[in-house]
Amino acid sequence: MQTEQLVDGVIRVVAPNPSPMTGAGTNSYVVGKSHCAIIDPGVDDADHLDALVAAAPGKIVAILITHAHPDHTGGAHRLAERLNIPIHAYPLELQGVRDKDFAAHRPLYHGDVIDLDTVCLEAIHTPGHAADHLCFFWRDAGLLFAGDTVMADVTVVILPPDGDMSAYMQSLEHLQALPIERIAPGHGRLLEDAPGVLAHIVAHRRERETQVWEALTADEPAIPEQIALRLYPDLDVRLQPMAAAQVEAHLIRLVELGDAHQSGSGWMKTAT
């Protein structure tokens, strides 16, 4: 089991679920000292849950969920029952990809504070990757637990209907306004230059949006799968459906901006 202390008061345990979508595995975090919270328990794997409990330097008092995707929530109920502690999450049921068996005990809203004595975490609602997504900000340390709003070295997937590109861009702008110094993502390594990372993501999304718009014409409708093959010609075949959904998210945003419109099952540029 990959266990590492990132900073004083934060231990990362990587879940044993490596895949093209999760990288080395989902990051679970043990946060706090005398009182601890588990952020995203990850998959329902006995060894992984044992590692989380063993890593805690103090009493585990809460489970915090960034969003209800199965790789983040799978072990939540087993761990909650084992420790007799509550699960906190944003109270919104997803419509697409989700953990159908997951349910939180207590709601968490934007601005709520989780006080762990030596660590205070602020809940930040960051829809985009998922409509129920929360980040957790340890302001005193300048450290953001970003869930899947930010990933290390890969692009976050935005899948409609729960994924929303416009909401994602707004969430990134909100995060840019906060004094974040480092980012602990849901997948991958600790990111040290938070302002630079966020600026890069915003620039990349704007560039991709332009590429999707340029792939459209005003004469013939295009479908997301065609555009995805053009933009991602060397993509692993297993990820092509995700790429098409990502393109669709950009297309929906272009419609919202007035730069494209839907025609039948395809999309076209809006005449200017």
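**From one residue pair to the whole chain**

R12 stands opposite Y29 in strand 3. Before I go on, this is a predicted model, in which local features need pLDDT of at least 70, side-chain atom pairs count only at pLDDT 80 or more, and totals for chains, interfaces and linings use all residues. Residues are numbered from 1 along each chain as its sequence is written, and side-chain values use heavy atoms, with hydrogens and water left out.

R12 belongs to strand 2, residues 10-14. Strands here are DSSP runs of E with at least two residues, helices are runs of H or I with at least four, and both are numbered from the N terminus. Strand 2 pairs with strand 3, residues 27-32, in the antiparallel sense over five bridges. Two strands count as paired if DSSP finds at least two bridges between them.

On its other pairing, strand 2 runs antiparallel to strand 1, again with five bridges. V7 stands opposite V10 there. Two residues lie between these strands in the hairpin, and G9 takes a positive phi near 100 degrees.

Is strand 2 buried or exposed? Five of its five residues are buried, where buried means under 20% relative accessible area, exposed over 50%, and partly exposed in between, with a 1.4 Å probe and protein chains only. In a regular strand the side chains alternate between the two faces of the sheet. In strand 2, V10, R12 and V14 point one way, I11 and V13 the other, and all are buried.

A parallel pair is formed by strand 4, residues 35-39, and strand 5, residues 59-64, over five bridges. There, I39 has L64 of strand 5 as its bridge partner.

Finally, the chain as a whole. The secondary structure comes to seven helices and 14 strands. The radius of gyration is 19 Å, which agrees with the value near 19 Å for a compact globule of 272 residues; the radius is taken over C-alpha atoms, and the rule is 2.2 Å times the number of residues to the power 0.38. Along the principal axes, the C-alpha atoms fill a box of roughly 65 × 35 × 30 Å. Of the 272 residues, 51% count as buried.
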